[in-house]
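Welcome! Please take a look at the sequence and structure first.

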Amino acid sequence: MYTNTTNANPRSVVTVPALRQRKADGAKIAMLTCYDASFAAHFDAAGVDAVLVGDSLGMVIQGQASTLPVTLDHMVYHCAAVSRGLHAPLLIADMPFMSYRDVSTALVSAGRLLAEAGAAMVKVEGAGWVLDVIAALSARDVPVCAHLGLTPQSVHKLGGYRVQGRLEGDAKRLLEDAHAVAGAGAELLVLECVPAELATRITGELAIPTIGIGAGAGCNGQVLVLYDMLGITPGHRPRFSKDFLCGRDSIDAALAAYVGAVQDSSFPGPEHSY
Ligand code: KIV
């Protein structure tokens, strides 16, 4: 860890090794998505550890039906904006659909997200053929966050946005995939919509930190889509999310409440888990 002396904000910059240390110390990691500089500027004071510029921006910013239409240019644009507003939290950028379809495309895409857009880590969905991509990025010192369970870029193959790993065979495959992505060099693992018991087991078996979204309180940290946790996403809010602005009078208070609830493990409760 180092402190950015050009910024008056005294919070230490959160690094990849710092996240690993959090796991070793048993301290929870609070992560949120973000898509612009103004929201990003609120995250320091709230104590957010990591910020994901998610391809969920396709749905919550662009009004698309899925994350599939999001392009690398969209991700670079939003990630660069977030990076201008952010100081301490680790900045993670989603690699959008087809931007890592093979190793050489993945290297170019990740290069843009780190060099042009200021990301410190990139996130890719899945295992299988994605393992080669993770290994190639990691071998070139590009930190990688893996994403397993409900992987929204695979929505058509999965047949919808559903909890994954409920059947015994699926749970076994997910556990194997988790070991495989860590073995390929991933530094962080997002588990989305996975039964809490399975996520807790994966968390216990892996050396890298796990971040849950609909995966129970046993993960090393939690992530939510910012617009869901502020209650501004129109329509149905997923069971695993919670409106932290409800009953509070500012966005800062909502962010601080979320970080506090992740840190003291009061969020997610059983009502947000599967
Ligand atoms: O795109 C996104 O926001 C994500 C999170 C839901 C983990 O991938």
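About 570 Å³ of space lies in the second largest pocket. A pocket here is an open set of points, on a 1 Å grid over the protein atoms alone, with protein on both sides within 12 Å along at least five of seven lines. A volume is the space filled by probe spheres set on the points, which are joined across faces, edges and corners. This is a predicted model, in which local features need pLDDT of at least 70 and side-chain atom pairs pLDDT 80 or more, while totals for chains, interfaces and linings use all residues. Numbering starts from 1 along each chain as its sequence is written, and side-chain values use heavy atoms, with hydrogens and water left out.

Let us stay with the second largest pocket for a moment. Its lining has 22 residues, and those nearest its centre are Glu125, Gly126, Ala127, Thr151 and Ser154; a lining residue has an atom within 4 Å of a point. Strand E5 (144-149), helix H7 (155-158) and helix H8 (168-184) each give at least two residues to this lining, and H8 has the largest share, with 3 residues. Helices (H or I, at least four residues) and strands (E, at least two) are DSSP runs, numbered from the N terminus.

Now for the largest pocket, which has a volume of about 700 Å³. Met59, Glu192, Val225, Asp228 and Phe240 are the closest to its centre among the 33 residues that line it. Strand E1 (29-33), helix H3 (57-60), strand E4 (121-125) and strand E6 (188-192) are the elements that give two or more residues to this lining.

Where does the ligand sit? The ligand sits in the largest pocket, meaning that more than half of its atoms lie within 2 Å of the pocket's grid points. Around the ligand are Thr33, Leu52, Gly54, Asp55, Ser56, Asp94, Lys123, His147, Val190 and Ile213, each with a heavy atom within 4 Å of it.

| Side chain | Distance to a ligand oxygen atom |
|---|---|
| Ser56 | 2.6 Å |
| Asp94 | 3.0 Å |
| Lys123 | 2.9 Å |

Taken alone, the ligand exposes 260 Å², and the protein buries 95% of that; the areas come from the Shrake-Rupley method with a 1.4 Å probe.

Methods:
Polar contact = N/O pair within 3.5 Å; in protein donor to acceptor, adjacent residues only side chain to side chain. 1 Å grid on protein atoms, 1.4 Å probe; cavity = no way out; pocket = protein on both sides within 12 Å on 5 of 7 lines; lining within 4 Å.
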